[in-house]
Amino acid sequence: MQERLKLQHFLTIKKLKNDQVEELIKRAEYFKAGGAVPEYAQPIYAVNMFFENSTRTHCSFEMAERKLGLQTIPFDPVASSVKKGETLYDTLLALNSIGVNLAVIRHSQNEYYKELIDLDETQKLNMGIVNAGDGSGQHPSQCLLDMMTIHEQFGHFKGLKIAIIGDLTNSRVARSDMRLLRQLGAKLYFSGPTCWYSSEFTEFGSYGKVDDLLPQMDVVILLRVQHERHKQEIGFSPTEYHTEYGLTRKRYTHMKKNAIIMHPGPINRGVELASELVESSRSRFAKQMQNGVFMRMAMIEAVINGRGLGGKQ
Ligand code: CP
C-alpha cells in the first residue's frame, strides 16, 4: 500500500511540496469516486470551533468528519466559557482533557494556532489542529479544494493563466491560492480596485485591468468584497464595483471557451459576479463546495495518520 501523507497539524499550505498536493488531490478524488474510507479500530473525537461565521467550511468539515466515521463533539463559542474569558489554549486543554483528539478552528487572529503548537515544557496539549481560516493569513482547505477543482478541469497547473480579482488584501483565500498556484507552475494575474492591491503580491504575479485580463484567462477566481474587515468606507457602491471590476454578463461573453469561474463564497450576487452567472456553465462555484468535503476528508486523514489516531486499520 502507498505510504500516506502524515501531518501532526494542518495549518498552512506553505510547507506542502508539489507531490504532497498531488497526493491530497488524488486521495480526495478517490473519496469523491466512492472509494472506501479507512476503518478505525478506536474512536476518534473531533471538535469544530468556529469563532468567525461560516457556512460551507464549517458544515463541510463536519460532513468530512462524519464520512470518515469520526465522533464530532458540538462546540458553540457564544455558549462556551470563552465568553467568561477562558483563553483559546485553556479551552483546547479542557477539550483535550475530556478526550477530544482533533480540533478544526477558524479564528479572526492571524496564526492563532501558534500558542497551541509552540508549547513550553510545562504544557501538555496533545491535539491535532486543522486551520479552517486564520484572519487574513491562510485558508488551507479552501486553497486545496480550489486546486482540486482546477485539476479536475485541466488535469494540470503548469502554464495555466489564472486571475485573482477583488478584495486581495483582506483575503486569506487569495494569499493561500497565489502561493500554491505559483509553486505548481501557474501564471498569475491580479485585478480589482488598486486600493486592495499591495506590493506583497508582486512576487506572485502582475496587476492588470479586468477587461484586458479576462479574455486571456483559463481560470478566474473572484473574491468576496469583505465588508466586515474594512475599517473605512470603500468609496464605491455595489453597482459601481460590479460595473468596474465585476464579472458582468458582457464580460462573460469575452472569456475563453474552456475558461472557468471560481469564487470561495459566500457570493455578493450582482457585485463580484452577475447573479445569473452563479450557476452558469463556466461557474465551478457548486463544484468547489462539493469538492471541499472530499479534500477535507483527505486533510483530516493526513492528521489522523500523522498522530497515529484510531488504532490499527
Ligand atoms: N469559503 C468559505 O470559507 O466560506 P464560509 O465562510 O461560508 O466557510
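In this predicted model, P140, Q142, C143, L144, D146, M147 and I150 of helix α5 meet V173, S176, D177, L180 and L181 of helix α6. By class, this contact has eight nonpolar, two polar and two charged residues.

**Helix packing**

Two packed helices are described by the angle between their axes and the distance between the axes. Helix α6 covers residues 172-183, and its axis lies 9 Å from that of α5. The two helices pack at an angle of about 50°. That angle makes α5 oblique to α6. The crossing of α5 past α6 is right-handed.

Residues 140-154 form α5, and residues 285-307 form α10. Their axes come within 8 Å and cross at roughly 115°. Here too α5 passes in a right-handed crossing. On the α5 side, the contact is made by P140, S141, Q142, L144, L145, D146, M148, T149 and E152. On the α10 side, K287, Q288, N291, G292, F294, M295, R296 and M299 take part. The residues of this contact divide into seven nonpolar, six polar and four charged.

Strand β3 spans residues 102-107 and is mostly covered, with six of its six residues buried. In a regular strand the side chains alternate between the two faces of the sheet. On one side of β3 sit L102, V104 and R106, and on the other A103, I105 and H107; all are buried.

Strand β1, residues 45-50, pairs with β3 in the parallel sense. In that pairing, V47 has A103 of β3 as its bridge partner. Strand β4, residues 128-134, also pairs with β3 in the parallel sense. There L102 stands opposite G128 of β4.

**An open sheet**

Five strands form an open sheet, and their order is β7-β6-β5-β8-β9. Pairing in this sheet is parallel. At the edges lie β7 (205-207) and β9 (260-262), each of which pairs on one side only. From one strand to the next, the twist averages 20°. Strand β6, residues 187-191, pairs with β7 in the parallel sense. The bridge partner of L188 in β7 is G205.

| Strand pair | Sense | Bridges |
|---|---|---|
| β1 and β3 | parallel | five bridges |
| β3 and β4 | parallel | five bridges |
| β6 and β7 | parallel | three bridges |

Technical notes: Residues numbered from 1 in each chain as written. Predicted model: local features only at pLDDT ≥ 70, side-chain atom pairs only at ≥ 80, totals over all residues. Heavy atoms only, no water. Axes fitted to C-alpha atoms, helices over the stretch in contact; angles between N-to-C directions. Helix = DSSP H or I, 4+ residues; strand = E, 2+ residues; numbered from the N terminus. Left-handed = near helix turned anticlockwise from the far one by under 90°. Contact = heavy atoms within 4.5 Å. Nonpolar A, V, L, I, M, F, W, Y, C, P; charged D, E, K, R; others polar. Buried < 20%, exposed > 50% of the residue type's maximum accessible area, 1.4 Å probe, protein only. Pairing = 2+ DSSP bridges. Parallel < 35°, antiparallel > 145°, perpendicular 65-115°, else oblique.
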